[in-house]
Amino acid sequence: MRTWFTGRRGIYAWTAIGVTVAIVAAITVVTLIPRDRTTEAQWADSTLSVTALGTDITVGEATVEPEAATAFATAVPSTYLALRPLEISAEGEIPESGVTLSLALAEPLPAAAAATFVYYDEEIATWVPEYTTVSEDRLTLTAVVHHLSAWSVFTSAVDDAAAAFGEFVEDVAAGVGESIDRGSRQLFRFTHELVGNSADNPECTGTAPWWVQDTILSDNNDVDLGLGEGGEGTNAVLLCVGSSADDPEILELKAAANRGYGFPITMSEGVRPLTAGPSSLDPNVRSFLQFASSYLSDLGGTNVFAPDQFVFATQEYTATFDEQTLRQAGVGRLLSFDLPGLDQVLLSAGLKWALDKFEGNDVVAGIMTVLSMVRDCEMGELNASRTPTETIAWLTACASSLDYQSIGEAMDVVATEVAYDDEALAAAMKDKAQVVRKATDMFKGVLIITIAQTLIDYAGDSLTENVTSYPAWFVQVTLTPERPTLQDMYGTYTQDSGNGFFTTMKVDDEGVDIRDCSGCGSVSVSLRLVNPAWNGSCYEVLNQVEFDGGDGTRDLIHETWTLCPKGFGGPGNDSVDRIGQNWQGKAPDIWYLRD
């Protein structure tokens with residue numbers, strides 16, 4: 001008996017059944033694999049797409065509480081643009097692959113503009129940047145995130161940046177919370193003048209010591225460094241030269257970096273200052289900066305943190321020098337303030353932010369956050385970047401690599417293993433986890449928005465071939481001839497009054513002894529010269545002598561003499577050594593010239 005399943009018909013039947021099973025299996029597989037689900041929303045004149053695997057996404061306007069509004073308006077210290085916050089939430093769990101945020105812009109983002117998605121972290125009351133890429137055509141921003149909350153986009157307020165979002169900008173100053181809640185605008189400009197990026201002129205005590213004949217303070221006239229050519233107070237480094245308030249024989253130099261970044265200092269060969277460093281910094285901060293300098297040196301890095309080798313942004317720097325050291329060095333160029341590399345601009349601008357933002361021991365957490373860039377970011381790549389796009393991309397990647405947990409752990413290690421012999425510094429570094437977290441997340445925005453523009457402006461103004469071959473500023477010192485000793489002034493001196501009245505005197509260890517004076521009588525010296533004082537051009541000395549009182553007594557009197565070596569600019573004929581007597585408190589008007 002022949003069954004339905006045998007023969008050619010049977011083969012066809014089995015084939016049909018197999019196809020049916022395969023189709024059912026395929027349908028089953030498709031049904032079991034989650035699909036990408038995308039929600040779109042209009043954001044200004046741009047389009048936001050939020051995509052997640054296997055879960056629905058909801059996008060709506062966020063309610064901005066006062067604390068979040070304040071953080072929104074003060075996220076970074078420079079002017080920037082921000083989109084009205086949106087609340088993004090998922091109906092189910094966020095997949096391990098994350099959620100993709102993609103913003104299609106109305107027009108290309110300018111090359112000099114940075115842009116980043118940011119979210120609000122309620123625990124530290126901070127808007128935190130998320131790693132964001134910009135498409136090659138500058139029309140799309142993309143970020144893959146693993147948490148959802150209130151989101152915005154921050155961007156640099158450069159020319160044409162607002163047009164990329166296609167919305168009229170509303171300027172916001174005070175009352176930001178009310179402006180966001182009540183207004184209909186989607187794009188806001190938060191204006192922050194970069195106050196504090198200029199320094200006060202340093203003030204020195206008196207004039208330079210006598211042994212400094214002349215000083216030349218010269219700047220690099222090819223560098224305007226963003227403030228235009230000429231003009232009082234626009235110099236990159238402000239300087240003064242004087243003498244120490246504690247010792248007028250000590251040369252004192254004060255400098256202030258008149259920019260939002262600092263300048264490395266190069267001492268000429270053989271020049272060793274007696275003291276050098278910031279004029280006013282907390283001892284704990286200075287100790288930590290010294291540690292940071294050693295740490296960077298071990299990494300082969302910059303000296304930007306060395307308090308004695310760098311003038312910090314807007315900070316005053318003081319160095320003192322003694323005569324002997326500078327004479328041995330030969331002087332000429334005393335020191336120079338060199339143009340910083342991009343890594344030095346970055347680190348010193350970050351250091352300025354930390355010093356401005358934090359108070360007391362918390363500033364150490366800010367400095368440690370800045371310092372972590374040397375460990376976590378490729379500084380060589382930054383120095384090699386020459387276009388705004390390259391610089392912004394580097395800063396964005398650097399910001400995303402900063403991790404507050406590893407920075408906090410590093411602080412604990414330093415406090416325990418490095419600063420163990422400095423109790424005050426160790427205490428300043430411990431138990432700062434929350435401060436480090438806030439500092440790290442705030443600094444990310446500063447890097448991407450504020451410091452990015454500082455680096456772009458600096459590179460455009462300064463890193464050109466005709467500029468970088470010169471220092472930003474230098475100090476040149478010419479020394480007077482070496483001062484003769486009092487013993488060098490010993491010898492015989494003669495004065496001719498012009499009427500035959502000759503006086504000869506001898507100066508030696510016994511003092512000033514008048515030897516030949518018609519009409520002067522016999523004058524004997526009882527004591528040597530005492531209290532010699534050098535005034536920069538002459539010695540002022542006290543001579544004690546005895547006179548015959550005429551009644552069998554001896555009168556003791558004191559004379560003040562001025563002994564001037566030639567070539568030091570003192571009174572009288574400066575071409576010859578000379579001596580004059582100060583009569584009744586008056587300067588000499590008659591001089592005795594060396595024979």
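Predicted model: local features only at pLDDT ≥ 70, side-chain atom pairs only at ≥ 80, totals over all residues.
Across the whole structure, a search finds 18 aromatic pairs, where rings of Phe, Tyr and Trp (its six-membered ring) pair if their centres lie within 6.5 Å, with planes under 30 degrees apart counted as stacked, over 60 as edge-to-face and the rest as tilted. Residues are numbered from 1 along each chain as its sequence is written, and side-chain values use heavy atoms, without hydrogens and water. Local features need pLDDT of at least 70 and side-chain atom pairs count only at pLDDT 80 or more, while totals for chains, interfaces and linings use all residues.

**Aromatic pairs**
- F310 and F312 form a tilted pair, 6.2 Å centre to centre and with 35 degrees between the planes.
- F310 is buried at a relative accessible area of 1%, and F312 is buried at 3%, where buried means under 20% relative accessible area, exposed over 50% and partly exposed in between (1.4 Å probe, protein chains only).
- The ring centres of W534 and Y539 lie 4.9 Å apart with planes at 65 degrees, so this pair is edge-to-face.
- W534 counts as buried at 13% relative accessibility, and Y539 does at 9%.

**A charge over a ring**
- The charged end of R578 sits over the ring of W591, 5.9 Å from its centre; this requires NZ of Lys or CZ of Arg within 6 Å of the ring centre and within 35 degrees of the ring normal.

**Around S46**
- S46 is buried, with a relative accessible area of 0%.
- Leaving aside neighbours within four places in sequence, S46 is in contact (heavy atoms within 4.5 Å) with residues including A41, L103 and F165.
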